[in-house]
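Subject: Structure handover and findings

Dear colleague,

Please find the structure below, together with its sequence. My notes on what was found in it follow.

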Amino acid sequence: MKVHGEYLCVNVDAGRFIGESSHRSSIFFLFPVTAKRAKPLDIAKAILSVPHFFRVKLPLILFFCQYLRKFTLTNVGGKLIIHSHLPPINSPAYGRFVKEHLLNTKAGPSHAQIGLTNACPQNCGYCYSKNKRGRVMESETIIGLIRDLKKMGVFWFGFTGGEPLLNKDLVKIVESVGSGASVKLFTTGCTLTKRLAADLENAGLYSVSVSLDHWSEGVHDSVRNYKGAFRAALNAIGIFKSLGRVHVSVSAVVSRTMIREHQVEIFLEFLRQLGVHEAWLSEAKPSVENYWKEELVITEEERLQLCRLQDRYNRDGTMTVNYLGHFEGKEHFGCSGGNKMVYVDACGNVSPCVFLPVSLGNVNEKSIRQIYEEMRPLFPTSDRCFVNANYGLVQKYYRSESPISVADSKKVFEESAATPLSRFFRLYNN
């Protein structure tokens, strides 16, 4: 592996580091090296800056210590980061997480994802934003929603779409989050400019996740039904990494074929060579009609296979692997949708999770607090992914448009099978 000064030189065709630039058919991207392991003294200072942590119930402290041991704390522009779905541990947002949710066990959401638009130049077969109905929220509605969610306990926001870069007020929306909460952006990279990336960083963007599903340009473009998707993604990674203060990850949807044929390992090696800080992985979820097939839904053994792969990579410490199924497994946090996680789509419909095409109300008609309080009893936490286990009910009540109506959405929850709590929520509720 060769590093040229402070940059990695990557051949996008082969996805391998090279030592010479004389390959006649090669196209190169330069990726600045911006992450490093956090120093023990910095970690100690960060922990001591959140004294509330030592007042948390001992079983929860032990749980988090065991969980955090599975990651290498990284320093990106002074931010000490476990992974992109938690705020930096030396940030006010992390302090809120400890005080409000671990110590005071606040009965409100901690994480929220918000769709900023349904528009997107790409057309992925597994996209959970397909066939959305309704009028897209105005920017002032979104900003008001952010303010209300922060009051309810949210310290982490994920901005998604469609392609959120197409929202002309994106910088203003990011800036509106302010202190006490962190912001992660999910993007394909299409239309990104250096100026926009810098404006987002200055507005307070903490982390960005660029969509990239394969190491082959042809395969990725085909999956996305968009020629140029691969190069747009690599260009966006390079731009954001050049800023130096934004945590950069790749958001990848892996198929069962990739899992069964051990292609995920090849893909992770490609991402490590790109020099991204994190690989955020999810299997293709049965959120849309094309994926309501048993042969396409991941098995428990395949989930555990990816969990073992994550733990193995994270022991190395050169790139964080953050697999959704690791986080939401029964041995960790389980599915916390509708409880600690809420999703509001671009039209204002509220759902427990981005992958679940249901609606429990619309913020243009009712307050987010009222909708959440009505949703929470219907959707208790679970020790497994809800949509993976209950996509048959989604299929039963789906009527060609998304989301499913409020009345039918309630039937989905009423007819779903009860499951045990995850390890975290058994401790949390005790």
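What is the order of the strands in the open sheet of 9 strands? The model, which is a predicted one, shows the order 13-12-11-10-9-8-7-14-15, and the pairing is mixed. Strand 13 (320–323) and strand 15 (350–351) form the edges; each has a single partner strand, so one side of each is left without a neighbour in the sheet. Helix 11 (residues 300–316) packs on the sheet, where it touches strand 11 (247–254) and strand 13. The direction of helix 11 makes about 160 degrees with that of strand 13.

Within the sheet, I would draw your attention to strands 8, 9 and 10. Strand 8 (residues 156–160) runs parallel to strand 9 (residues 182–187), and 4 bridges join the two. In this pair, Phe159 stands opposite Leu185 of strand 9. Strand 9 also pairs with strand 10 in the parallel sense, over 4 bridges, and here Leu185 stands opposite Val208 of strand 10.

Turning to the helices, the buried residues of helix 5 (residues 170–177) are Leu170, Ile173, Val174 and Val177. These residues lie on the same side of helix 5, because they cover an arc of only 100 degrees around the axis. As a general point, an α-helix has 3.6 residues a turn, so residues three or four places apart point the same way. The buried residues of helix 5 pack against helix 4 (139–152), strand 8, strand 9 and helix 6 (194–203). Just after helix 5, Gly178 adopts a positive phi of about 65 degrees.

Helix 4 also meets helix 13 (residues 368–375): their axes come within 10 Å and cross at roughly 50 degrees. On the side of helix 4, the contact is made by Leu145, Asp148, Leu149, Lys151 and Met152, and on the side of helix 13 by Ile368, Arg369 and Tyr372. By class, this contact has 5 nonpolar, no polar and 3 charged residues.

With kind regards

Methods. Residues numbered from 1 in each chain as written. Predicted model: local features only at pLDDT ≥ 70, side-chain atom pairs only at ≥ 80, totals over all residues. Heavy atoms only, no water. Pairing = 2+ DSSP bridges. Contact = heavy atoms within 4.5 Å. Axes fitted to C-alpha atoms, helices over the stretch in contact; angles between N-to-C directions. Buried < 20%, exposed > 50% of the residue type's maximum accessible area, 1.4 Å probe, protein only. Arc of directions from axis to C-beta. Nonpolar A, V, L, I, M, F, W, Y, C, P; charged D, E, K, R; others polar.
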